[in-house]
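Here is a short walk for anyone with a viewer open. Get ready to select things as we go, one stop at a time.

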Amino acid sequence: MAALPALAPASHGAGEDPTFAELLALRPHLTMDPSAGLMMEGVPLAAIARAHGTPSWVYSAGTLRRRLGLLQGALDEARADAQVHFAVKANPNLAVLRTLAEAGAGADVVSEGELRLARAAGIAADHIVFSGVGKTLAEIRYALAEGIQQINAESAEEVEMISAIATAMGVEAPVALRVNPDVDAKTHAKITTGKSENKFGIAIGDAPALYARMASLPGIRPVGVAVHIGSQITAGVSAYRIAYGHLADLVRSLRAQGLTVERVDCGGGLGIPYRDEPPPSPAALAGAIASTLGNLGVELMVEPGRWISGPAGVLLASVILQKMGAERRFVVVDAAMNDLIRPAMYDAWHGIVPVSPTDYVAPIAPCDVVGPICETGDTFTRNRGLPGFDPGSLVAFLDAGAYGASMSSTYNSRPLAAEILVDGDRFAVVRERQTQEALLAGQSLPSWMTGPSPTSPA
Ligand SMILES: Cc1ncc(COP(=O)(O)O)c(C=O)c1O
Ligand SMILES: N[C@@H](CCCC[NH3+])C(=O)O
């Protein structure tokens with residue numbers, strides 16, 4: 001094996017990446033113990049890797065509860081009295097959902113699968129909102145049969161579909177209209193949802209006529225309006241305030257038409273600091289809600305995903321090897337873009353910290369951290385200052401509790417990673433690592449193909 005060049009110490013100065021200490025200081029559930037190494041709550045991450053292998057997603061139950069409580073507290077403080085509905089797409093793990101449900105969260109779902117998960121986690125149907133731009137007939141039927149709290153309709157066409165299904169079922173569908181306020185949330189283009197060019201919601205100018213139509217249709221009970229302007233919003237709360245202001249005007253004009261508006265769904269999108277972004281605080285969001293919608297006498301709800309679960313999770317991975325390329329050092333880990341796709345998809349930055357205490361005192365030098373997948377895009381970071389790792393060293397990718405496991409795939413026929421919940425000094429596997437057999441399961445060969453059965457040993 002070619003010897004690696006000596007690693008020159010690299011300093012983290014102003015404008016550079018945050019240091020390990022800075023990253024950990026902002027994530028109180030992660031601490032560096034001089035003998036046990038990186039801990040999540042009371043559990044050494046090395047013990048989890050020993051017991052259950054890598055790559056593994058590890059979630060802090062305490063952090064889930066704490067962040068839900070902080071958000072709820074900020075809303076209460078601002079007198080924005082809103083129900084918190086966790087956006088299940090951010091983290092659909094059953095144990096995560098149960099943790100949040102026990103702490104009082106409802107759910108925002110976008111598919112029958114998410115609805116079933118939320119119900120299985122113990123969230124009552126009348127605490128669940130069904131969002132999404134393309135719900136199928138079967139999904140709408142299922143949601144109504146469950147007794148869902150609210151369906152957020154996103155088009156005139158969908159309103160007609162819901163009316164027909166509800167009428168045939170002999171039920172009344174509680175429907176809110178998701179409007180598109182044409183507001184720029186100043187986030188990544190792939191995750192902005194409130195601009196007129198985006199596929200989401202109906203143009204706010206078309207809302208009064210459609211809401212009136214909803215009131216005249218059989219099988220529909222118009223309950224209110226909804227908005228969601230994008231995700232990972234870190235440019236302050238001014239876009240929220242503008243969107244909510246439009247929503248408040250809409251509520252007033254609907255009421256002036258004699259229509260009933262009971263509820264306003266304020267959406268999600270509150271960002272988190274992955275690197276050094278200044279995120280809007282829950283208090284600022286709560287203030288924006290209270291100042292625009294607070295005196296309308298409507299029930300309020302919010303649908304955050306990332307803000308609650310993102311910081312609560314890490315992706316724990318092992319270094320397979322280090323190699324020197326022609327130009328740079330590559331740290332090859334056993335996690336890949338099939339596990340955490342955010343860097344490949346959005347050029348997202350995730351903190352990467354070592355687990356072993358010795359790696360905290362070793363000199364650091366720039367490297368690229370990559371996975372084993374056969375794509376150059378399978379790169380978690382470029383030019384990151386990290387120590388020289390021995391094979392088997394553990395690293396943790398931070399803020400992987402939202403849009404991590406939920407967006408993972410089996411690309412390159414890599415099994416889905418295990419998921420583990422930490423609560424105090426306990427930890428448990430809450431989703432088993434997918435087996436190699438499971439990867440093959442469900443596949444079959446057509447009758448005209450000959451040869452050995454795919455499930456018999458070669
Ligand atoms: C309708 C809806 N609500 C809530 C969310 C949750 O977003 P976030 O995780 O950014 O809070 C999303 C995703 O952006 C969404 O599409
Ligand atoms: N999946 C995206 C966010 C999209 C939110 C979905 N509404 C991310 O990882 O940042």
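A residue counts as buried if 20 or more other C-beta atoms lie within 10 Å of its own, exposed if 12 or fewer, and partly exposed in between, with C-beta atoms placed from the backbone. Helices (H or I, at least four residues) and strands (E, at least two) are DSSP runs, numbered from the N terminus.

Before you click, note that this is a predicted model, where local features need pLDDT of at least 70, side-chain atom pairs count only at pLDDT 80 or more, and totals for chains, interfaces and linings use all residues. Residues are numbered from 1 along each chain as its sequence is written, while chains are lettered from A and ligands numbered from 1 in the order in which they are written.

**Stop 1: helix H5**

Select residues 112–120, which make up helix H5. Which residues of H5 are buried? They are Glu114, Leu115 and Ala118. Look down the axis of H5: the buried residues fall within an arc of 100°, so they line one face of the helix. (The arc is that of the directions from the helix axis to the C-beta atoms.) On the other side of H5 you'll find Gly113 and Ala120, both exposed. Now show what covers the buried residues: helix H4 (94–102), strand S6 (106–109), strand S7 (128–130) and helix H6 (137–146) are included. After H5 comes glycine 122, with a positive phi near 100°.

**Stop 2: a three-strand sheet**

Next, pick out S1, S2 and S3, which form an open, antiparallel sheet in the order S1-S2-S3. (Two strands pair if DSSP finds at least two bridges between them.) Strand S1 (30–33) and strand S3 (43–44) are at the edges with a single partner strand each, so one side of each has no neighbour in the sheet. Strand S2 (residues 37–40) pairs with S3 over two bridges. Click methionine 40 and look across to S3: its bridge partner there is valine 43.

**Stop 3: two domains**

Colour the protein chain by domain: domain 1 (20–60 + 310–439) and domain 2 (131–304). These bounds come from an automatic or database domain assignment. Taken over C-alpha atoms, the centres of domain 1 and domain 2 are 36 Å apart. Where they touch, nine residues of domain 1 are in contact with six residues of domain 2. (Contact means that C-beta atoms, placed from the backbone, lie within 7 Å.)

**Stop 4: the ligands**

Select ligand 2 and show what surrounds it: Lys89, Ile191, Ser231, Gln232, Arg342, Tyr346, Tyr403 and Met407. (A residue is near a molecule if its C-beta atom, placed from the backbone, lies within 6 Å of it.) Domain 1 and domain 2 each give at least three residues to this shell around ligand 2. Now hop to ligand 1, where 17 residues lie around it and Ala87, Ser231, Gly268, Gly305 and Arg306 come nearest.

**Stop 5: cysteine 367**

Find strand S17 (residues 364–370) and click cysteine 367 in it. Is cysteine 367 buried or exposed? It counts as buried, because it has 24 C-beta neighbours inside 10 Å. Leaving aside neighbours within four places in sequence, cysteine 367 is in contact with Arg328, Arg329, Phe330, Val331, Arg384 and Leu386.

**Stop 6: a hairpin**

Finish with strand S20 (residues 418–423) and strand S21 (residues 426–431), an antiparallel pair with five bridges. Valine 422 stands opposite phenylalanine 427 in S21. S20 and S21 form a hairpin with two residues between them, and glycine 424 in the turn has a positive phi of about 70°.

Technical notes: Two residues are in contact if their C-beta atoms, placed from the backbone, lie within 7 Å.
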